[in-house]
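Hello,

Here is the structure I said I would pass on. Please look it over first; my notes follow below.

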Amino acid sequence: MLRRVLTPLLVALSALALTLVGTAPASAAHSEPSLQQNPTVLYYDSSQAAEFTSVVASAVDVWNSSVDNVRLEPAPSGQRAEIRVIADDGWPRAHLGPVRPGGQVTVWMGRQGTAEGHDPLRIAAHELGHSLGLPDAKPGPCSSLMSGSTGGVDCTNAQPNASERSRVEANYGGGLAGEQPADGQLLVDRH
């Protein structure tokens with residue numbers, strides 16, 4: 001009698017245990033996104049970017065849609081921005097990052113670049129790339145955002161390539177790679 005009662009009970013418990021074991025990885029996979037770190041938020045100020053204000057916002061959108069470990073946001077009123085964007089009459093240039101929260105770099109949207117026919121969105125995305133820690137990759141093809149002016153005046157590619165995206169992800173990822181200090185070197189993007 002005991003055997004008749006225990007056998008179905010053991011079979012039911014075994015089935016329940018197999019069901020629970022079989023679903024454990026699925027529930028663990030659902031909790032994985034909550035284990036991801038929040039992106040590093042860097043604030044930018046384009047209030048001195050003059051005619052380049054909207055193109056800077058578009059370049060910010062390029063970077064925000066290309067990488068996950070860092071996010072660029074407009075600086076709230078009264079808050080110091082990590083990235084200052086200034087329009088001037090020189091050649092486009094920027095300090096080399098990667099800038100960290102509380103640090104500061106400057107991007108100059110030099111009018112000389114657009115006067116010579118270079119695409120303003122490519123310039124803005126390229127210069128923000130410097131702030132995120134990407135050096136120039138010159139000479140280079142148009143497919144490389146960091147090739148800058150060597151891509152030619154007909155080049156309008158404002159998208160970072162896979163290597164450039166990967167490097168920015170590493171610059172703002174966890175571990176030692178995400179802790180590199182900013183270089184601060186001024187890069188003038190003349191070819």
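**Salt bridges**

Arg 71 and Glu 73 form a salt bridge, their closest N and O atoms being 2.7 Å apart. A salt bridge here is a side-chain nitrogen of Lys or Arg within 4 Å of a carboxyl oxygen of Asp or Glu. This is a predicted model: local features need pLDDT of at least 70, side-chain atom pairs count only at pLDDT 80 or more, and totals for chains, interfaces and linings use all residues. Residues are numbered from 1 along each chain as its sequence is written, and side-chain values use heavy atoms, with hydrogens and water left out.

Arg 71 is partly exposed at 35% relative accessibility, and Glu 73 is partly exposed at 25%. Buried means under 20% relative accessible area, exposed over 50%, and partly exposed in between (1.4 Å probe, protein chains only).

The structure holds four salt bridges. Another one joins Glu 51 to Arg 111, with 2.7 Å between the closest N and O atoms. Glu 51 sits in the loop between β1 (40-48) and α2, and Arg 111 in helix α3 (residues 111-115), so this pair ties together parts 60 residues apart in sequence. Helices (H or I, at least four residues) and strands (E, at least two) are DSSP runs, numbered from the N terminus. Glu 51 and Arg 111 are also linked with Asp 89 in a network of salt bridges.

Asp 88 forms a salt bridge with Arg 93, the closest N and O atoms lying 2.3 Å apart. Asp 88 counts as buried at 16% relative accessibility, and Arg 93 is buried with a relative accessible area of 16%.

Regards
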